[in-house]
Amino acid sequence: MCRQHRVPVALLLCAACWTAPAAALNLGQCDQSLGMESGEIADSQITASSSHNENSVGPHSGRIRTEHRGGAWCPLPVITAEVREYLQVDLGRVTVVTAAETQGRFGNGRGVEWAERYSLQYWRPGTGWRTYRNASGHTLLDGNVNSYLAHKTPLDPPMMASKVRLVPRSEHPRTVCLRAELHGCPYTDGIDSYSMDLPDPKWPDLTYDGVRSAEIMEKGLGQLADGRAGTNDITRPEWVGWQRRPGQLVNITFRFSSLRELETASFHVSNRFTAGVKLFSLAALFFSLDGQQYTESAVTLAPEPDRIFEDSRLLEVSLHRQVARFVRIQLTAADSWLLISEIGFSSAVGASLLAAVGAGCWQQWVLACWQRWVLALVVVGASLLAAVGAGLLAAELRLNMQLAAGPGYARAHGDTYGPLPADEDKVGLCGEPYRVVRLNADYDTAGQRGLRGRTPG
Ligand SMILES: [Ca+2]
């Protein structure tokens, strides 16, 4: 590669695989309608387990505050305690869903069906279908009481999902119809899952949706990454706690969906020292690209012990734009209990080439970026082909216009005819030489027959 091209290409590589850092999840700004009512969610993204009539009350009629065809989605069977049907919405990417909203079938005054209660199922890459459970442990959400009023239920905690199913529920046989909207925002944290030492039953991670064993929890998301910080009341369910002796460790490992450039990590912790709860004495963070080999040196955070104020607080540490997909955190307990309500990261998707080279992981950077590069190359290649094709077409059109002019021009290839003073030499786009020659009035404007009569030179 030419020396003068190296720097611009490196900058291009940086720009192609780096996005602005995203702050940790902020639920205060996460209540947008996700597109059932507006149509931003396409018909192809809305499906159902069954429909009473696909054309009139199929899944595409399940958009809230719209009167499309039959006026709502209606499943084929009557809903009972045993019969479960669902309306499924594919959000296209992992999304923070903070509320669900439902409405019955009004049908221009003819509808008399609605769902009094429903449950939610969700799916995201790497997980199967899970049933949503709120902070109180309940799976049933309140639905509607008539065919026209919409009812919105906040989801506490929010649901990280790329697909959602609304499942009408009824203990007694009931014909139900449903229109729906989902509310939330894009999930930019990029945390796939976290694993951790099993919390104490006194302060469990109630909403964790991964796998639990005797000692650890893994492959799930839960209270530590749901955007909700605890209050000073440590009896509230927002807190997750571990019982340790001073100096003992609590291990938590975060896995991101792709390579990230990490700017900061934050911990929301309790300092209720009169109850044996203190800030950790040390947090050590190790980084890995593959989840197997971690950095030997750690980024550390050692907060000052506070024996005066018992307020819970946010502790933050700079990660110096460390490039990693896995972050292993070792927290050293300072007293009998360690209570955490949230761990967040400010990070950017992917990583700049320079940061990746600095971290010795440019190979992983290339792997993480190859899909975007293939797409970019396809777009650039298609654009070049289109430009070349347009140029060829224009040249041919110009030549044909010349040939059509009387008394006439003809196109002759190579040196067959020798130089003619009034003629014009040209080179084709594929490099072949040709000549446009002015024909005598006697010659055929098609060129070849007349030209063969001319003597070269
Ligand atoms: Ca939380």
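Author: The protein has five helices and 20 strands. Helices (H or I, at least four residues) and strands (E, at least two) are DSSP runs, numbered from the N terminus. This is a predicted model: local features need pLDDT of at least 70, side-chain atom pairs count only at pLDDT 80 or more, and totals for chains, interfaces and linings use all residues. Residues are numbered from 1 along each chain as its sequence is written.

Reader: What makes a residue of this protein count as buried?

Author: A residue is buried if 20 or more other C-beta atoms lie within 10 Å of its own, exposed if 12 or fewer, and partly exposed in between; C-beta atoms are placed from the backbone. Of the 457 residues, 37% count as buried.

Reader: Why is threonine 188 called partly exposed?

Author: Threonine 188 has 18 C-beta neighbours inside 10 Å, so it counts as partly exposed. Threonine 188 is found in the loop between β8 (179–186) and β9 (191–197). Threonine 188 and valine 349 are 161 residues apart in sequence, yet 8.5 Å apart in space, C-alpha to C-alpha.

Reader: What makes a set of residues a nonpolar core?

Author: A nonpolar core is a set of buried Ala, Val, Leu, Ile, Met, Phe, Trp, Tyr and Cys residues joined through C-beta atoms within 7 Å. The largest one here has 83 residues; Leu166, Leu178, Leu338 and Leu339 have the most contacts inside it. Strand β13 (residues 249–269) gives this core its largest share, eight residues. The core also draws at least three residues from each of domain 1 (26–186) and domain 2 (192–350). Those domain bounds come from an automatic or database domain assignment. In soluble globular proteins, nonpolar side chains tend to be buried together.

Reader: Which residues is leucine 339 in contact with, leaving aside its neighbours within four places in sequence?

Author: Two residues are in contact if their C-beta atoms, placed from the backbone, lie within 7 Å. By that rule, leucine 339 is in contact with Trp203, Ile234, Trp239, Gly241, Val269, Ser270 and Val277. Across the protein, 74% of the contacts with a separation of 6 or more join residues 24 or more positions apart.

Reader: How do you know that β3 and β7 pair?

Author: Two strands pair if DSSP finds at least two bridges between them. Strand β3 (residues 87–103) and strand β7 (residues 151–169) are joined by 11 bridges, so they pair. They run antiparallel. Glutamate 101 has lysine 152 as its bridge partner in β7. Strand β4 (residues 117–123) is joined to β7 by seven bridges, also antiparallel. There, the partner of serine 119 is valine 167.

Reader: Where in β7 is proline 157, and what joins aspartate 156 to it?

Author: Proline 157 has its place in strand β7. A cis peptide bond joins aspartate 156 and proline 157, with omega about 5 degrees. Most residues other than glycine have a negative phi, and most peptide bonds are trans.

Reader: What is the phi of arginine 65, and why is arginine 65 called partly exposed?

Author: Phi of arginine 65 is near 55 degrees, a positive value in a residue other than glycine. Arginine 65 has 14 other C-beta atoms within 10 Å, so it is partly exposed. Arginine 65 is found in the loop between α2 (54–57) and β3. Histidine 68 lies in the loop between α2 and β3. Histidine 68 touches His60, Ser61 and Arg63, not counting residues up to four places away in sequence.
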